[in-house]
Amino acid sequence: MKLIPIYTQNFKERQNFTIFIDKQTNRPYKAYQKELSQKYFWIAFFPILALLRGIKDISPSISNLMVILFILCLVGIGIVSGMLFYKKFVYEELREIYFTEAEVKDYIERGEKVFKLEVSIALISFCIVLLLVYLFFVFKNIVFLIFMFFSMIFFIVYLCRLPLERIKLYI
């Protein structure tokens, strides 16, 4: 089953959801977005803060080739992590919903605004990744690589929401 996200509804007080279309059968599906609890945020916050404080003064003294290989490894790990995060933590169970053809087309039209926003976010996050790599090479501070890694995960999660079929749908 190849799903194309066509519409995402974001509520401030209620649970958000995304409507998908199956590419092969043209059936619509709905998946609620998982609500991440605050405990995960706090569990991750303090170790990351301690890590950043511990390595803020470390500056690598290895060759540029090794640095480039390390960055490429971080990018690869970031890509895999982003894809796993998207698959495991973004959506709850997928349910088939029953819409008429007109309702599906209406959701596709309404989803174009969300599509443009997601493309913008993906482009901005990619530019941030490039900027952080550049800042690392200028200042030789590992903190930039850590932020680059998390920015890469964020970029990949948004890239997963932009499959080629969805881009063709709106262009």
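Gln 33 stands opposite Tyr 91 in β4. Both belong to a predicted model, in which local features need pLDDT of at least 70 and side-chain atom pairs count only at pLDDT 80 or more, while totals for chains, interfaces and linings use all residues. Residues are numbered from 1 along each chain as its sequence is written, and side-chain values use heavy atoms, leaving out hydrogens and water.

**The sheet**

Strand β3 (residues 28–33) pairs with β4 in the antiparallel sense over four bridges. Two strands count as paired if DSSP finds at least two bridges between them. Strands (E, at least two residues) and helices (H or I, at least four) are DSSP runs numbered from the N terminus. Lys 30 stands opposite Arg 95 in β4. Ile 19 in turn stands opposite Lys 30 in β3. The pairing of β2 with β3 is antiparallel over five bridges. In the hairpin of these two strands, five residues lie between the strands, and Asn 26 takes a positive phi near 60 degrees.

Together the four strands form an open sheet in the order β1-β2-β3-β4, with antiparallel pairing. β1 (3–9) and β4 (91–96) stand at the edges with a single partner strand each, so one side of each has no neighbour in the sheet. On average, neighbouring strands are turned by 25 degrees against each other, direction ignored. Strands of a sheet pair through backbone hydrogen bonds, either parallel or antiparallel.

**The helices**

Helix α3 (residues 101–139) lies across β1, β2 (17–22) and β3, and runs at about 80 degrees to β1. Axes are lines fitted to C-alpha atoms, for helices over the stretch in contact, and angles run from 0 to 180 degrees between N-to-C directions.

Helix α1 (residues 38–55) packs with helix α4 (residues 142–160) at an angle of about 150 degrees, their axes 9 Å apart. α1 is therefore roughly antiparallel to α4, a term for angles over 145 degrees, with under 35 counted as roughly parallel, 65 to 115 as roughly perpendicular and the rest as oblique. On the α1 side the contact is made by Ile 48, Leu 51, Leu 52 and Ile 55, and on the α4 side by Ile 142, Val 143, Ile 146, Phe 147 and Phe 150. Contact means heavy atoms within 4.5 Å. The residues of this contact are nine nonpolar, no polar and no charged. Ala, Val, Leu, Ile, Met, Phe, Trp, Tyr, Cys and Pro count as nonpolar, Asp, Glu, Lys and Arg as charged, and the others, Gly among them, as polar.

**The pockets**

A pocket is an open set of points on a 1 Å grid over the protein atoms alone, where a 1.4 Å probe fits, with protein on both sides within 12 Å along at least five of seven lines; lining residues have an atom within 4 Å of a point.

| Pocket | Volume |
|---|---|
| Largest pocket | about 1,300 Å³ |
| Second largest pocket | about 390 Å³ |

The largest pocket is lined by 35 residues, and Leu 36, Phe 85, Val 90, Phe 154 and Val 157 lie nearest its centre. α1 gives the most to this lining, with eight residues. The lining of the second largest pocket has eleven nonpolar, no polar and three charged residues.

Technical notes
Points joined across faces, edges and corners; volume = space filled by probe spheres on them.
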